[in-house]
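Trainee: I have this model open in my viewer and would like a close look at one part of it. Could you walk me through that part and what lies around it?

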Amino acid sequence: SPQHKLRLIGQYLSFAIPSSRSVPKGLKGLAAAVEEGKDGCSYRHVPFNEIVRAVAEDVKAATKALGGSDHVGLLVGHAVQAWLQDMRLDPACDAKEIKASLAAIASSLQSLSSATKSHRTYAMSATAAAVLAVSQGFLEARAA
């Protein structure tokens with residue numbers, strides 16, 4: 001279900017972040033999940049908009065924390081698709097805002113990937129790029 005998918009994505013992101021001090025300001029749900037996840041047993045819900053904002057605030061840091069551009073692209077792309085399946089999961093989100101954040105993330109990932117082709121962490125696969133493109137297309141259709 002989309003709800004379960006977003007919960008797992010939020011949990012994955014919260015476990016990848018080393019400490020709550022690394023969480024951008026204003027993301028209380030994510031910071032709480034990071035704190036609870038220190039013992040490895042948190043299953044706290046992280047709001048969708050906090051997942052996208054955390055990545056959009058510092059794409060390079062998210063790429064390092066998650067272990068590569070592929071992981072970031074797939075995580076954000078699947079989170080967007082889950083939210084689009086059931087927008088009641090985070091009704092306060094605006095599709096136009098999410099679309100702008102997703103475009104910024106995709107652009108940053110692309111520039112990281114092309115600037116450092118020799119470094120595997122920043123190389124983005126065609127699959128991750130396709131998932132991001134499909135998510136952007138769905139958002140474009142929804143925002144119109």
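At 43% relative accessibility, what does glutamate 140 count as?

Mentor: Happy to. Glutamate 140 counts as partly exposed, because its relative accessibility is 43% and the scale calls a residue buried under 20% relative accessible area, exposed over 50%, and partly exposed in between (1.4 Å probe, protein chains only). Before we go on, keep in mind that this is a predicted model, in which local features need pLDDT of at least 70 and side-chain atom pairs count only at pLDDT 80 or more, while totals for chains, interfaces and linings use all residues. Residues are numbered from 1 along each chain as its sequence is written, and side-chain values use heavy atoms, with hydrogens and water left out.

Glutamate 140 has a partner: its side chain meets that of lysine 99 in a salt bridge, at 3.4 Å from N to O. The pair ties together distant parts of the chain, since lysine 99 sits in helix H6 and glutamate 140 in helix H7, 41 residues apart. By salt bridge I mean a side-chain nitrogen of Lys or Arg within 4 Å of a carboxyl oxygen of Asp or Glu. Lysine 99 also counts as partly exposed, because its relative accessibility is 28%.

A search of the whole structure finds 2 salt bridges, so let's look at the other one as well. There the side chains of aspartate 86 and arginine 88 meet at 2.9 Å, N to O. Aspartate 86 counts as buried, because its relative accessibility is 17%, whereas arginine 88, at 69%, counts as exposed.

Aspartate 90 is buried yet has no salt bridge, and the nearest side chain of opposite charge, arginine 53, is 8.9 Å away. For that search, Lys and Arg count as positive and Asp and Glu as negative, with His and the chain ends not counted. What does aspartate 90 touch? Leaving aside neighbours within four places in sequence, aspartate 90 is in contact (heavy atoms within 4.5 Å) with Pro47, Phe48, Asn49 and Trp83.

Phe48 and Trp83 lead us inside. Together with Leu30 and Val76, they have the most contacts within the largest nonpolar core, which has 40 residues. Such a core is a set of buried Ala, Val, Leu, Ile, Met, Phe, Trp, Tyr and Cys residues joined through side-chain atoms within 4.5 Å. Helices H1 (2-16), H2 (28-36), H3 (48-57), H4 (59-66), H5, H6 and H7 (126-143) each supply at least two residues of this core, and H5 gives the most, with 8 residues. In soluble globular proteins, nonpolar side chains tend to be buried together.

H5 deserves a moment of its own. It is mostly covered, with 12 of its 17 residues buried; among them are Val72, Leu75, Val76, Val80, Trp83 and Leu84. Not counting residues up to four places away in sequence, valine 76 touches Val55, Leu102, Ile105 and Leu132.

Proline 2 takes us to H1, where it is one of the buried residues, along with others including Leu6, Ile9 and Leu13. What covers the buried residues of H1 includes H2, H3, H4 and H5. Leucine 8 and alanine 79 are 71 residues apart in sequence and 9.6 Å apart in space, C-alpha to C-alpha.

Stepping back, the chain has 7 helices and 0 strands, counted as DSSP runs numbered from the N terminus (H or I, at least four residues, for helices; E, at least two, for strands). Buried residues make up 44% of its 144 residues. Among contacts between residues at least 6 apart in sequence, 69% join residues at least 24 apart.
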